[in-house]
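Try each task before you read its solution.

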Protein chains: 2
Amino acid sequence: MVIIITMPRKPFKTLEARACQAARHSKRREVIFEVLNSGHSHLNAEEVHHEARKRLPGIGIATVYRALKFLCGCGQASEFIPADGVARYEPGGSRAHHDHLICTSCGRFIEAVDPAIERLQEKLAARHGFKPTRHKLEIYGICAGCAGK
Amino acid sequence: MVIIITMPRKPFKTLEARACQAARHSKRREVIFEVLNSGHSHLNAEEVHHEARKRLPGIGIATVYRALKFLCGCGQASEFIPADGVARYEPGGSRAHHDHLICTSCGRFIEAVDPAIERLQEKLAARHGFKPTRHKLEIYGICAGCAGK
DNA sequence: GGGCATAGTGATAATGATTACCATTATTAG
DNA sequence: CTAATAATGGTAATCATTATCACTATGCCC
Ligand SMILES: [Mn+2]
Ligand SMILES: [Mn+2]
Ligand SMILES: [Zn+2]
Ligand SMILES: [Zn+2]
């Protein structure tokens, strides 16, 4: 299940390789990977740290930040920054791209994706001679649960 | 041209009123409003400060932050936070909502809006029982100018 | 298994954007 | 003009994130 690439025999040739390939296996990185894939998603670094501590009490916050950045570089996690400016993380890799409906009342993140919107975004970019590499769509509002109250 | 609301006679009744209504006219606020509406848009607070200083050399950075927040509260400016986490500002009010194509090479912001996408976003939200109040669509990639090089 | 080079780690200092604080200044009703 | 107080500027505080550095863990070699 854990697919952290490890152990290049020779020194890294490029910065990218160094940034995205682990030279050694690491228990902490594995734990942080597991936390991301353990159900509750959209955690910020502090919350990841809190969860990771349950499994590895001594783990430091700096290691959490390092591992999250590393996993993002590997495509094993993805980062996004909502309106409050605090980065949040979710498992990446095989998980498909999706957008977020963010409830401003309870803070919940609803994941959604509309192929038609994705297609129109490509067209919109093309119309401006723009080559898109990634995009971020966040819809803020009130979720069904909060509206019902 | 400057439409800063001023002068409530009585003490503010609510926090919102206090946040969005100026009790007194202020030359600095006016200057910052003018900077936002003076052409080059998508400035961050530091850049607004730099521009404002040309007109009012003594103006402080704290005042810039205060005025920007105030203008956003009035609907006279809007704030958005791109991937680097540093808030940027543009004139609000009568200007219509728009999305951004952001060039990761030169940093340029291209403004665009596609009514079909807007409509589909509403539908997507509705499908999840979600009442949207605002949204943010940012497409990152390479602009025509940078691609041509 | 032990040695070695070095990637990884944890504590903490540094950073950078933004906000809070407070003494001073500017604005405006009367 | 004067009094009341909103606005301001300098700067300390805050908060998330990154850099630093001495120390530890990993894994290839023999
Ligand atoms: Mn998600
Ligand atoms: Mn814009
Ligand atoms: Zn909710
Ligand atoms: Zn460009």
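**Exercise 1.** Of the atoms of DNA strand C within 4 Å of the protein, what percentage belong to sugar or phosphate?

*Solution.* The share for sugar or phosphate is 63%, and the rest belong to bases.

A word on the ground rules: this is a predicted model, where local features need pLDDT of at least 70, side-chain atom pairs count only at pLDDT 80 or more, and totals for chains, interfaces and linings use all residues. Residues are numbered from 1 along each chain as its sequence is written, chains are lettered from A and ligands numbered from 1 in the order written, and side-chain values use heavy atoms, with hydrogens and water left out.

**Exercise 2.** Find protein atoms that lie close to a phosphate oxygen or a base oxygen of DNA strand C.

*Solution.* Step 1: a polar side-chain atom of A:Ser26 lies 2.4 Å from a phosphate oxygen of DNA strand C. Step 3: turning to the bases, a side-chain N or O atom of B:Arg24 is 2.8 Å from a base oxygen of DNA strand C.

**Exercise 3.** Which atoms coordinate the zinc ion (ligand 3), and why is the arrangement called tetrahedral?

*Solution.* Step 1: the SG atoms of A:Cys103, A:Cys106, A:Cys143 and A:Cys146 coordinate the zinc ion at 2.2 to 2.4 Å. Step 2: the 4 donor atoms (N, O and S atoms within 2.8 Å of the metal, or 3.2 Å for Na, K and Ca) subtend angles of 104 to 116°, so the arrangement is tetrahedral (four donors, all angles between 85 and 135 degrees). Step 3: along the chain, the donors follow the spacing C-x2-C-x36-C-x2-C.

Notes
A residue is near a molecule or strand if one of its heavy atoms lies within 4 Å of it. A polar contact is a pair of N or O atoms within 3.5 Å; within protein, one must be able to donate a hydrogen and the other to accept it, and residues adjacent in sequence count only if both atoms are side-chain atoms. Four donors count as tetrahedral if all angles lie between 85 and 135 degrees; four count as square planar and six as octahedral if opposite donors are over 155 degrees apart and all others between 65 and 115; anything else is irregular.
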